[in-house]
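Open the model in a viewer with residue selection and distance tools at hand. The stops below say what to select next and what is there.

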Amino acid sequence: MTFYYSSSHRFILLAFFSNVLIAAAFTGTYGVNYGRIADNIPSPESVVTLMKAAKIKNTRIYDADHEVLKAFKGSGIEIIIGVENGLLKDIGASEDRAMDWVKQNVEPFVPGTRIRGIAVGNEVLGGGDQGLWEVLLPAVKNVHSALDRLHLADDVEVSSPHSAGVFASSFPPSAGAFKETLTPYMKPLLEFFSQIKSPFYINTYPFLAYISDPEHIDINYAIFKKNPGIYDEKTKLHYDNMFEAQIDATYAALEKAGFGKTEVIVSETGWASKGDPNEAGATVSNARTYNLNLRKRLLKKKGTPYRPKNVVKAYVFAMFNENLKPGPTSERNFGLFKADGSISYDIGFTGLVPSSATSFSSLKGIGSSYLRMYAACAAALVLIITS
């Protein structure tokens, strides 16, 4: 999300980025993942209206659905699309297959739809399928080569998001290190991303860390509330929230691997509003607190203790509660919005329909005029839908 820059600030940013040849797939600091494993969520056209009303400038989908790409045409929203894990072996084995995929799913939609990145696979190296580990880099290279041959590589970034499963250790942050078993796959991948100047995308979930050890992790540390924090003896740095600690653990791991200059972007983070009995932290209150404080944190446009000059950027998971997702109850309750388009809880957004969520006073930098605008947009959409 771009958090209400003045026109002069937008001009400066545009002037800067106009001189950058490599694609930058993120505007501002805030984005939202648009997962669609559900049979009851709003249409893509309604989602675009909702995102525009909420000033969400960045989104990520997990495939390349054509109806979604058509809906985003002319919206100005930057979108990352995905090559699904099930396609990696074919695309990794064939440059022609990669070219076909790009010609079908990218070329017909740009520049009207602002496809700014392609995520090749999702959480591959953190998973248990070694066959996918082996084909990830060839798939990444083939997709990038296809973009290059079609003269799209300067506009469309290639990446591959990772889970915390790639780490051998991540606490304290300075101890961050990748698993040795992944080195033969991770280092060549990082070398290629360094060549094409792609960031390292990591899925960072304090929620998952907390529910795995609620007896020893302070919930306040996990959801950005006041707490004693932790002190990293090696770096002499203090951390008052787990989110920044996890990002800095990623920077430490990259540094140990020889890629200390690589930028880290959070491709997923969020907090479930409902869970199973063993998911004690999955409550509406905690989800609202985490996502509200995360949004405030990103609004500040600052770095982490270990990388203070690298402004933190993150995609929140997720736009909607997804009723068809498998797994524990929490998996179906990460949405900022409910299936009907109303807000799950109030962090300053307005839904497509009225919600019973308690009203929240404006975030710093969001005045009443913006809230009136949100309400007007939502009301107009309801009229369109019901007419």
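**Stop 1: positive phi**

Select E123, which is partly exposed at a relative accessible area of 29%; buried means under 20% relative accessible area, exposed over 50% and partly exposed in between, with a 1.4 Å probe and protein chains only. The model is predicted: local features need pLDDT of at least 70, side-chain atom pairs count only at pLDDT 80 or more, and totals for chains, interfaces and linings use all residues. Residues are numbered from 1 along each chain as its sequence is written, and side-chain values use heavy atoms, with hydrogens and water left out.

E123 sits in the loop between β4 and α6. Helices (H or I, at least four residues) and strands (E, at least two) are DSSP runs, numbered from the N terminus. The phi of E123 is near 55 degrees, a positive value in a residue other than glycine.

Next select F224, in the loop between α9 and β9 (230-232). F224 is not a glycine either, yet its phi is positive, about 70 degrees. At 16% relative accessibility, F224 counts as buried.

**Stop 2: cis peptide bonds**

Select V110 and P111, which are joined by a cis peptide bond with omega about 0 degrees. P111 belongs to the loop between α5 (95-105) and β4 (115-120). Then select F171 and P172: the peptide bond between them is cis, with omega near -10 degrees. P172 is in the loop between β6 (167-169) and β7 (177-178).

**Stop 3: two packed helices**

Two packed helices are described by the angle between their axes and the distance between the axes. Select helix α6 (residues 130-149) and helix α7 (residues 183-195), which pack at an angle of about 10 degrees with their axes 10 Å apart. Axes are lines fitted to C-alpha atoms, for helices over the stretch in contact, and angles run from 0 to 180 degrees between N-to-C directions. The angle makes α6 roughly parallel to α7 (under 35 degrees is roughly parallel, over 145 roughly antiparallel, 65 to 115 roughly perpendicular and the rest oblique).

The crossing of α6 past α7 is left-handed, that is, the near helix is turned anticlockwise from the far one by less than a right angle; clockwise would be right-handed. Which residues make the contact? On α6 they are Q130, W133, E134, L136, L137, V140, K141 and H144, and on α7 they are Y185, P188, L189, F192 and F193, where contact means heavy atoms within 4.5 Å. By class, the contact of α6 with α7 has nine nonpolar, two polar and two charged residues. Ala, Val, Leu, Ile, Met, Phe, Trp, Tyr, Cys and Pro count as nonpolar, Asp, Glu, Lys and Arg as charged, and the others, Gly among them, as polar.

**Stop 4: aromatic rings**

Rings of Phe, Tyr and Trp (its six-membered ring) pair if their centres lie within 6.5 Å; planes under 30 degrees apart count as stacked, over 60 as edge-to-face and the rest as tilted. By this rule there are 17 aromatic pairs.

Select F207 and F334: their ring centres are 5.5 Å apart and their planes at 90 degrees, so the pair is edge-to-face. F207 lies in helix α8 (residues 206-212) and F334 in the loop between β12 (314-317) and α12 (368-386), so the pair ties together parts that are 127 residues apart in sequence. F207 is buried at a relative accessible area of 0%, and F334 is buried at 4%.

Now select F337 and F349, whose ring centres are 6.1 Å apart with planes at 15 degrees, so this pair is stacked. F337 and F349 are both in the loop between β12 and α12, twelve residues apart. F337 is buried, at 0%, as is F349, at 5%.

To see a cluster linked by ring pairs, select Y205, F207, Y210, F224, F243, W271, Y290, F317 and F334.

**Stop 5**

Select A222 in helix α9 (residues 219-222). A222 is buried, with a relative accessible area of 1%. Leaving out residues up to four places away in sequence, A222 touches P206, Y210, M242, W271 and Y290.

Finish at T59 in strand β2 (residues 58-60), where the relative accessible area is 0% and T59 is buried.
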